[in-house]
Amino acid sequence: MTRKSTLELLGDLREAERDVRAYGDAIRGFDAAHPNPHVDFPDKWVGVYGDEIVTAETLDGLFEELERRAIPRMKTFVRFVDRDPDAFYYPG
């Protein structure tokens, strides 16, 4: 059995850095565009990928819609937006 090096397991670190930055940018963009998400998306699951926002009533429904639109689930910021503005949420 051949053991893989750490770099082989991690893949391209530059690409990983771009992905992390893009994920953070998507979160910040969502937060800036929707300062009151509980008003815009009450009791919805929300997925944010780049500038695209996908919503659904259930988490399974959100994942189905992401798949239908060919949006990569692992690179999508996902959160539930409670209608209560005081519900805990840690923005990006």
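User: Partly exposed denotes a relative accessible area between the buried class, under 20%, and the exposed class, over 50%. In this predicted model, which of these classes does Glu 52 fall into?

Analyst: The model is a predicted one. The relative accessibility of Glu 52 is 35%. Buried would require a value under 20% and exposed one over 50%, so Glu 52 counts as partly exposed.

User: Which residue forms a salt bridge with Glu 52, with the closest N and O atoms 3.6 Å apart?

Analyst: A salt bridge requires the nitrogen and the carboxyl oxygen to be within 4 Å, and the closest N and O atoms of this pair are 3.6 Å apart. The partner of Glu 52 in this bridge is Arg 69.

User: How many residues apart in sequence are the parts that Glu 52 and Arg 69 tie together?

Analyst: Glu 52 belongs to strand β2 (residues 52-56), whereas Arg 69 is found in the loop between α4 and β3. The pair therefore ties together parts whose separation in sequence is 17 residues.

User: Which residues are linked with Glu 52 in a network of salt bridges?

Analyst: The bridge between Glu 52 and Arg 69 is part of a network of salt bridges. Linked with Glu 52 in this network are Glu 65, Arg 68 and Arg 69.

User: How far apart in sequence are the parts tied together by Lys 75 and Asp 19?

Analyst: Lys 75 and Asp 19 form a salt bridge in which the closest N and O atoms are 3.4 Å apart. Lys 75 is in the loop between α4 (59-68) and β3 (77-81), and Asp 19 is in helix α2 (residues 13-33), so this pair ties together parts separated in sequence by 56 residues.

User: Which element holds both Asp 25 and Arg 28?

Analyst: The side chains of Asp 25 and Arg 28 meet in a salt bridge with an N to O distance of 2.8 Å. The two residues are three apart, about one turn of the helix, and both lie in α2.

User: Which element supplies the largest share of the largest nonpolar core?

Analyst: Eight residues make up this core: Ala 26, Ile 27, Phe 30, Phe 41, Val 46, Val 48, Phe 77 and Val 81. The largest share, three residues, is supplied by α2.

Conventions:
Residues are numbered from 1 along each chain as its sequence is written. This is a predicted model: local features need pLDDT of at least 70, side-chain atom pairs count only at pLDDT 80 or more; totals for chains, interfaces and linings use all residues. Side-chain values use heavy atoms; hydrogens and water are left out. Helices (H or I, at least four residues) and strands (E, at least two) are DSSP runs, numbered from the N terminus. Buried means under 20% relative accessible area, exposed over 50%, partly exposed in between (1.4 Å probe, protein chains only). A nonpolar core is a set of buried Ala, Val, Leu, Ile, Met, Phe, Trp, Tyr and Cys residues joined through side-chain atoms within 4.5 Å.
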